[in-house]
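Student: Could you take me through one part of this model in detail? I would like to look at the ligand and what surrounds it.

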Amino acid sequence: MTTKITEQKMLLGGEWVGREQTLDVVNPEDQSVISTVPMASSDDAREAVRIAVEGKEIAEALSVRERMDILNKVADYVLDHAQEFAKTIALEGSKTIAEASGEARRTAETIRLGAEEARRLSGESINFDQMEGNTNRMGYYYHFPVGVVAAITPFNDPLNLVAHKVAPAIAAGNAVIVKPATETPLSALKLAEAFIAAGLPKKVLTVITGRGRDIGDILVEAEDVQMISFTGGYETGKSIAHKAGLKKLSMELGSNSPFIIWKDADIEKAAQSGVDGAFGAAGQNCLSVQRVYAHEEIYDAFEASFVDKAKQVRAGKKMDKDSDIGPVINEKEAKRIESWIEEAVDAGAKVLAGGKRHGAFIEPTVLSNVPENLTIVKEEVFGPVVILASVATFDEAVTRSNGVPFGLQAGIYTNDINLALKAVRKLHVGGVMVNDSSDFRIDAMPFGGVKHSGIGREGVAFAIEEMSEKRLVCFTIDE
Ligand code: NAP
């Protein structure tokens with residue numbers, strides 16, 4: 001399939017602008033250049049902040065009804081143009097067209113949630129008279145916007161994760177500067193087109209394209225930015241947190257999620273759920289299944305079923321409707337994943353399926369006998385690789401699940417309600433899925449992690465709360 005190279009502009013406070021210096025947007029499948037975007041300079045980043053300072057007054061002045069109307073129109077626009085959005089996601093990123101279509105539909109849902117939750121952002125009255133001497137006081141608190149939100153987003157869900165920041169920011173009455181991943185800026189720019197078409201006033205939204213390492217510090221350190229909403233890797237998140245100073249932070253970071261299969265589980269269902277969770281989006285989901293701990297009594301049967309299902313996952317061309325998964329985001333990442341597999345094999349791991357790299361493609365890979373201290377166990381693979389291990393006791397499963405720096409989501413398959421409840425208590429994560437893998441999310445649920453997986457929660461209503469401040473009002477009655 002040949003694709004025309006387009007010269008895409010960036011949205012600087014309501015104006016589409018180009019720059020002499022550009023960045024190539026590359027299709028990871030064949031390294032073809034599909035588009036160029038402006039390479040924003042430090043001055044552009046400063047200008048984005050300056051414009052957003054004006055934009056926050058405009059955003060705050062929008063009535064809740066106006067915010068809802070704009071967000072509903074954007075949701076309609078995304079649905080009306082769902083195929084174009086899906087094609088953009090699939091071409092610039094690593095999702096197949098089927099996966100990308102799912103993301104486009106979910107994005108409309110995320111934006112719609114923004115409209116619905118905007119009307120619910122309210123406060124409550126306070127009983128001041130609970131403290132002696134305050135019977136003559138009455139009051140309440142309400143929410144007001146934080147001001148300027150800098151939204152820094154990753155490549156793996158290039159549309160919906162942008163929506164997860166822009167929709168709540170606008171619902172809460174903020175101005176927002178989006179800095180999308182350099183690999184996948186086109187989906188974010190396309191979403192900006194939807195906001196312009198829906199009548200969002202100029203200066204409320206900027207989408208600035210440029211390398212994080214060049215313009216990131218300006219956005220992160222700016223005194224005029226009140227909140228950083230970041231989704232991406234742990235190292236980037238940690239460095240941003242160090243530099244941000246006194247601002248609100250929302251950090252949606254990575255993980256290497258565990259999935260426990262107990263001896264009473266339905267093996268076929270659990271295996272299918274694990275395979276889907278490990279290989280969907282070529283394993284490039286923050287909540288992908290990376291470590292599977294199956295009870296020793298059913299381990300062999302589970303392993304056989306899992307490997308059989310894994311071998312049926314078809315890695316192929318992204319635009320082919322029959323492909324289950326595409327490549328990883330670039331060849332450099334594929335080589336990194338390959339080296340982690342090789343390190344595991346050198347340390348005695350068995351390759352039960354896959355294991356090979358072809359350009360930016362990694363075969364759906366299943367490993368067993370992997371020593372616990374290896375990078376591929378402790379760190380986030382972010383690729384289609386999963387590790388199977390046998391455990392003797394529930395405590396062992398929990399200890400090994402928790403024995404990593406991350407804690408985003410976990411899954412457990414069991415029909416034993418007491419065991420499930422124990423898992424909910426003992427697993428150090430932001431979410432526990434019972435009779436599903438870690439790889440489950442709806443856009444309305446509180447989503448986020450503990451430890452190196454992040455700070456705060458997204459999920460539209462929760463993000464709106466994080467992007468707002470409470471203002472208390474107290475009246476003293478002269479009696
Ligand atoms: P990344 O390398 O950390 O990049 C994320 C974003 O940060 C990109 O826009 C990047 O820009 C920007 N950035 C890089 N250096 C920066 C700096 N010094 N200052 C400011 N911004 C900077 O992550 P990724 O590889 O795109 O995404 C994969 C990671 O995201 C995985 O760890 C995954 O688990 C995590 N993730 C988490 C969630 C969640 O909700 N918890 C969801 C999805 C993904 P450039 O592209 O220009 O470098």
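Tutor: Start with the make-up of the shell around the ligand. By class, 13 of its residues are nonpolar, eleven are polar and four are charged. Keep in mind that this is a predicted model.

Now put names to the shell. It holds 28 residues, and those that come nearest to the ligand are Thr182, Gly212, Thr236, Leu253 and Glu380.

Next, look at the backbone. A backbone N or O atom of Gly212 sits 2.7 Å from an oxygen atom of the ligand. For Gly232, a polar backbone atom is 3.3 Å from a ligand oxygen. For Phe155, the distance from a backbone N or O atom to an oxygen atom of the ligand is 3.4 Å.

How much of the ligand does the protein bury? Taken alone, the ligand exposes 920 Å², and the protein buries 85% of that.

Which elements give two or more residues to this shell? They are helix H7 (212–221), strand E11 (227–231) and helix H8 (234–244). Gly212, with its backbone atom 2.7 Å from a ligand oxygen, is in the residue range of H7.

Now step back to the domains. Domain 1 (10–253 + 453–472) gives residues to the shell, and domain 2 (257–442) does too, so the ligand lies between them.

Compare that with the second largest pocket. Its volume is about 750 Å³. The lining has 30 residues, and the closest to the pocket's centre are Asp276, Gly280, Ala281, Asn285 and Asp439.

Which helices each supply at least two residues of that lining? Among them are helix H4 (97–118), helix H5 (160–171) and helix H9 (267–279). H9 gives the most, with six residues. Asp276, listed with the residues closest to the centre, falls in the range of H9.

By class, this lining has ten nonpolar, nine polar and eleven charged residues.

Conventions. Residues are numbered from 1 along each chain as its sequence is written. This is a predicted model: local features need pLDDT of at least 70, side-chain atom pairs count only at pLDDT 80 or more; totals for chains, interfaces and linings use all residues. Side-chain values use heavy atoms; hydrogens and water are left out. A residue is near a molecule or strand if one of its heavy atoms lies within 4 Å of it. A polar contact is a pair of N or O atoms within 3.5 Å; within protein, one must be able to donate a hydrogen and the other to accept it, and residues adjacent in sequence count only if both atoms are side-chain atoms. Accessible areas come from the Shrake-Rupley method with a 1.4 Å probe; for residues, only the protein chains shown count as cover. Helices (H or I, at least four residues) and strands (E, at least two) are DSSP runs, numbered from the N terminus. Ala, Val, Leu, Ile, Met, Phe, Trp, Tyr, Cys and Pro count as nonpolar, Asp, Glu, Lys and Arg as charged, and the others, Gly among them, as polar. Domain bounds come from an automatic or database domain assignment. On a 1 Å grid over the protein atoms alone, a cavity is a set of points where a 1.4 Å probe fits but cannot get out, and a pocket is an open set with protein on both sides within 12 Å along at least five of seven lines; lining residues have an atom within 4 Å of a point. Grid points are joined across faces, edges and corners, and a volume is the space filled by probe spheres set on the points.
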